Amino acid sequence: MDTRTPQQRHKNMAAIHSKNTKPEVLVRRYLWGQGFRYRLNNPRLPGHPDIVLRKYRTCIFVNGCFWHGHEGCKYFVMPKTNIDFWRKKIQRNKERDKEEQRQLAKMGWHCITVWECELKPKVREKTLESLAYTLNHIYLEDRSVKYKLPEENEMQIAAESFNEQ
Ligand SMILES: [Zn+2]
């Protein structure tokens, strides 16, 4: 029997959920390999987007299906205990996600959400290819629209190398 409180359990799951989770790394590795350059977890943008592609005016959020309440997803399964706690918690997350993306859109950013389930081995390639396609599409579209944004010169392009494996 699991005797931990919902809060304790939440803490443990939050640790698993922490940044640099595998799904996010998958997306970054693919984008990097395709020549996209990005920054990570920009603290100056609402919601600290996981991946920020300034050239494409795009923020990418790599969302866990449980934590962000992926509707209609088979990986979004409510725990059998403490249902109220989880329901409220997930609802808050979803509302926060929506509000952050609304703010980003107001600032002229495109937001793309990649769900964890879309990165499962069987569908991963398709997801990533369509992500690259979307980014290129956004880039072309944006060339016909002038965006004015303050420069963020002090921010460094994330220098990442993927020779870790
Ligand atoms: Zn999902």
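Predicted model: local features only at pLDDT ≥ 70, side-chain atom pairs only at ≥ 80, totals over all residues.
Residues are numbered from 1 along each chain as its sequence is written.

On the buried side of α2 sit Pro 23, Glu 24, Val 27 and Arg 28. Seen down the axis of α2, these buried residues fall within an arc of 135°, so they line one face of the helix; the arc is taken over the directions from the helix axis to the C-beta atoms. An α-helix has 3.6 residues a turn, so residues three or four places apart point the same way. The cover over the buried residues of α2 includes β2, β3, β4 and α4.

Now for the wider layout. The protein has 4 helices and 4 strands, arranged from the N terminus as α-α-β-β-β-α-β-α. These elements are DSSP runs numbered from the N terminus: helices are H or I with at least four residues, and strands are E with at least two.

The strands form an open sheet in the order β1-β2-β3-β4, with mixed pairing; strands pair if DSSP finds at least two bridges between them. Its edge strands are β1 (39–40) and β4 (110–115), each pairing on one side only. Strand β3 (residues 58–63) runs parallel to β4 over 6 bridges, and Thr 58 has His 110 as its bridge partner in β4. Helix α4 (residues 121–143) packs on this sheet, touching β2 (51–53), β3 and β4, and its direction makes about 180° with that of β4. Such angles run from 0 to 180 degrees between N-to-C directions, with axes fitted to C-alpha atoms, for helices over the stretch in contact.

What holds the centre of the largest nonpolar core? Of its 19 residues, Val 27, Ile 51, Leu 53, Cys 59, Ile 60 and Val 114 touch the most other members. Such a core is a set of buried Ala, Val, Leu, Ile, Met, Phe, Trp, Tyr and Cys residues joined through C-beta atoms within 7 Å. The largest share, 4 residues, comes from β3.

Conventions: Contact = placed C-beta atoms within 7 Å. Buried ≥ 20, exposed ≤ 12 C-beta atoms within 10 Å, placed from the backbone.
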